[in-house]
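Biologist: I would like to go through this model with you, one region at a time. Could we begin with the sheet?

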Amino acid sequence: MSAAMAEAAGKTAADTVVSVSGLTLRFGGLVCLSDVELALRRGEILAVIGPNGAGKTSLFNSLTGVYVPQEGSITLTDPDGARHPLLGRKTHVVNRLGMARTFQNIRLFGALTALENVKIAAETRQKSGPLGIMFGLPHARRNERESDRRAHELLDFVGMADKLNELAASLSYGEQRRLEIARALATDPQVLLLDEPAAGTNPTEKLELAELIKHINRELGISVLLIEHDMRLVMSVADRVTVLNFGKVIASGTPSEVQRNRAVVEAYLGAEMAHEVLDGGDADGGAVEGGVPAARGEGE
Ligand SMILES: Nc1ncnc2c1ncn2[C@@H]1O[C@H](COP(=O)(O)OP(=O)(O)OP(=O)(O)O)[C@@H](O)[C@H]1O
């Protein structure tokens, strides 16, 4: 292979940061994910949407080592083209390789401050163990200063510089979601997986969140995989959308393409409504916006 060809091949490999192929996950007789194909391109925001129970969180759990699907492959590719198979890897290994996530149900240390929550995550990137810290070894003190600096920087980045010393449990829902994002960023990921980051937030917080997601993507160059029910948020931030229904990918494309995709509209609204929406019938009362429901209530 010529140098130019090798470079071109390398470039192609590096263009996709996470590639999922033939992924099948079963729980007993229940097929939760079925032959899922998905590619997250480097530098993009890809939304994964689908009705309740479609398999979105199970996909995230599979990507981050919480679940081990029976079939298929998940590959993370570094910017230099190095490829890491992720299937069956432990969650902390997946994280160290560059995948960080937030959770549908916020998981913070409620009794610790915002700063401490982020520092703990930053420290997972460092090598000094508890003994180094206990004996106050110079490298441990340096690391402590570094994680402190990084935590300040990230809390500032997510707009929480004035909340450093507040206990996580005392923060508003929107602030807790931001804190979770800062904590995920502290592990220096190349991919950020956000599981329903807008759940429980108010309209102003949703707008701020959309800005933050775009900011993370553009300023930090982090590729984002986003599960979200709020279609306005999805449509405003996603470069592309992949749609799951009953564990299967039923569509992939730009937001406007999937919004008008018949299989997608049927999955959300049923065949009859889809006919009315897509074929010019009376959609009745503005419950839909361009096909897919504009936003769904919390806790669905
Ligand atoms: N550990 C498990 N054991 C058994 N079944 C599971 C498990 N995890 C998920 N499932 C099932 O897999 C299916 C997909 O669930 P999942 O939570 O991934 O859907 P989702 O698209 O994230 O839904 P939602 O939008 O409601 O969060 C559901 O039927 C769920 O009950």
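Modeller: This is a predicted model. Its open sheet of four strands has the order β2-β1-β4-β5, and the pairing is antiparallel.

Biologist: Which strands stand at the edges?

Modeller: β2 and β5 (83–85) do. Each has a single partner strand, so one side of each is left without a neighbour in the sheet. From one strand to the next, the twist averages 20°.

Biologist: What packs on the sheet?

Modeller: Helix α2 packs there, touching β1, β2 and β4. The direction of α2 makes about 65° with that of β2.

Biologist: How many bridges join β1 to β2?

Modeller: Eight bridges join strand β1 (residues 16–27) to strand β2 (residues 30–41), and the two run antiparallel. Within this pair, Thr16 has Arg41 of β2 as its bridge partner.

Biologist: And what about the hairpin of β1 and β2: how many residues are between the strands?

Modeller: Two residues are between them, and Gly28 in this hairpin takes a positive phi near 60°.

Biologist: How many bridges join β1 to β4?

Modeller: Five bridges join β1 to strand β4 (residues 71–77), again with the strands running antiparallel. Val18 stands opposite Leu76 in β4.

Biologist: Then β4 and β5: over how many bridges do they pair?

Modeller: They pair over three bridges, in the antiparallel sense. Here Thr77 stands opposite Arg83 in β5.

Biologist: Changing topic to the ligand. Which residues surround the ligand?

Modeller: The ligand is surrounded by Phe27, Leu30, Cys32, Gly50, Asn52, Gly53, Ala54, Gly55, Lys56, Thr57 and Ser58. The elements that give two or more residues to this shell are β2 and α2 (56–63).

Biologist: Which element gives the largest share of the shell?

Modeller: The largest share, three residues, comes from α2. Recall that α2 also packs on the sheet.

Biologist: How do the residues of the shell divide into nonpolar, polar and charged?

Modeller: Four are nonpolar, six are polar and one is charged.

Biologist: Take Ala182. Which residues is Ala182 in contact with, leaving aside its neighbours within four places in sequence?

Modeller: Ala182 is in contact with Val118, Leu154, Leu155, Val158 and Met160.

Biologist: What about Ala111: buried or exposed?

Modeller: Ala111 is exposed, because 9 other C-beta atoms lie within 10 Å and the cut-off for exposed is 12 or fewer. The residue is in the loop between β6 (99–101) and α4 (114–123).

Biologist: Which residues is Ala111 in contact with, its neighbours within four places in sequence left aside?

Modeller: Ala111 is in contact with Leu167 and Ala169. As for Ala121, it is 10 residues from Ala111 in sequence and 16 Å away in space, C-alpha to C-alpha.

Biologist: Which residues have a positive phi although they are not glycines?

Modeller: Asp188 is one of them, with a positive phi of about 55°. It is in the loop between α7 (173–185) and β7 (191–195). Glu196 has a positive phi of about 50° and is in the loop between β7 and α8 (203–219).

Biologist: Why does Glu196 count as buried, and Asp188 as partly exposed?

Modeller: Glu196 counts as buried because it has 21 C-beta neighbours inside 10 Å, and the cut-off for buried is 20 or more. Asp188 has 17 other C-beta atoms within 10 Å, so it is partly exposed.

Biologist: Which residues are buried in helix α11?

Modeller: In α11 (residues 262–269), Val264, Val265, Ala267, Tyr268 and Leu269 are buried. Just after α11, Gly270 takes a positive phi of about 90°.

Biologist: Finally, the protein chain: how many helices and strands are there?

Modeller: The secondary structure comes to 12 helices and 12 strands. Of the 300 residues of the chain, 40% count as buried. Among contacts between residues at least 6 apart in sequence, 67% join residues at least 24 apart.

Key
Residues are numbered from 1 along each chain as its sequence is written. This is a predicted model: local features need pLDDT of at least 70, side-chain atom pairs count only at pLDDT 80 or more; totals for chains, interfaces and linings use all residues. Two strands pair if DSSP finds at least two bridges between them. A residue is near a molecule or strand if its C-beta atom, placed from the backbone, lies within 6 Å of it. Ala, Val, Leu, Ile, Met, Phe, Trp, Tyr, Cys and Pro count as nonpolar, Asp, Glu, Lys and Arg as charged, and the others, Gly among them, as polar. Two residues are in contact if their C-beta atoms, placed from the backbone, lie within 7 Å. Axes are lines fitted to C-alpha atoms, for helices over the stretch in contact, and angles run from 0 to 180 degrees between N-to-C directions.
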